[in-house]
Amino acid sequence: MARIMRKGMLAYIENRSARRRSYRQRSKGFVRLVSELCILCGVDGCAIVCGPYPDLKPEVWPTDQPEMQHVLMKFNSISLEERNMMMLNHRSFLNNQITKLNDKSQKQELENRNQELSKIVRQALNGKCSPVNRSDLGDLNKLVAARKK
């Protein structure tokens with residue numbers, strides 16, 4: 001078990017009784033958070049926290065056994081492929097974030113390019129024509145054609 005030293009920093013608790021106390025508090029807090037999450041979001045859930053201390057009984061939520069069995073049967077009824085599709089590990093989360101940020105970046109680049117081309121068109125219409133690259137001509141042609149429609 002670890003204890004919080006600074007924000008985001010964890011360290012092993014050397015004192016056995018302090019470690020055991022921290023484990024008990026954290027396991028109860030975790031079970032409380034699971035119950036709150038289930039209530040607030042209206043979802044089914046359960047938690048079983050087993051620790052390294054054989055004399056402590058596991059923390060279980062919900063304490064009602066039929067309700068716990070219902071949640072576990074519901075989870076087991078989902079095929080393994082479906083479960084894997086719904087699960088998210090650190091690598092897949094980061095890959096999803098990277099993909100989303102790349103898409104957002106590409107959209108922003110396209111929007112910036114269109115604003116730049118619109119600025120060139122406005123300057124040309126005001127008689128302040130600046131030199132235009134050959135690569136910009138095709139894009140300007142598309143922009144003007146789109147604006148005509």
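User: OK, how confident is the predictor in the protein?

Analyst: This is a predicted model, and the protein averages a pLDDT of 85, with 94% of the residues scoring at least 70.

User: Where is confidence lowest, and where is it highest?

Analyst: Confidence is lowest in strand S1, residues 2-4, with a mean of 52, whereas H1 has the highest value, at 92. Where pLDDT is low, the predicted coordinates should not be read in detail.

User: Switching topic, where does aspartate 44 lie?

Analyst: Aspartate 44 lies in the loop that runs between helix H1 (16-41) and strand S3 (47-49). Because its relative accessibility is 45%, aspartate 44 counts as partly exposed.

User: And what does aspartate 44 touch?

Analyst: Leaving out residues up to four places away in sequence, aspartate 44 touches Cys38, His70, Val71 and Lys74. With the side chain of lysine 74, the side chain of aspartate 44 makes a polar contact at 3.0 Å. Histidine 70 is 26 residues from aspartate 44 along the chain, and their C-alpha atoms are separated by 9.1 Å.

User: What lines the largest pocket?

Analyst: Its lining includes Asp44, Cys38, Val71 and Lys74, and the pocket holds about 290 Å³ of space. H1 and helix H2 (65-77) are the elements that give two or more residues to this lining, and H2 gives the most, with four residues.

User: Last one, which residues does UniProt list as "coiled-coil region"?

Analyst: An unreviewed UniProt entry lists residues 91-127 under that name. In the model, that stretch is 95% helix and 0% strand, and its end C-alpha atoms are 54 Å apart.

Notes: Residues numbered from 1 in each chain as written. Predicted model: local features only at pLDDT ≥ 70, side-chain atom pairs only at ≥ 80, totals over all residues. Heavy atoms only, no water. Buried < 20%, exposed > 50% of the residue type's maximum accessible area, 1.4 Å probe, protein only. Contact = heavy atoms within 4.5 Å. Polar contact = N/O pair within 3.5 Å; in protein donor to acceptor, adjacent residues only side chain to side chain. UniProt positions renumbered as here; feature names shortened; annotations may be inferred. pLDDT = per-residue confidence, 0-100. 1 Å grid on protein atoms, 1.4 Å probe; cavity = no way out; pocket = protein on both sides within 12 Å on 5 of 7 lines; lining within 4 Å. Points joined across faces, edges and corners; volume = space filled by probe spheres on them.
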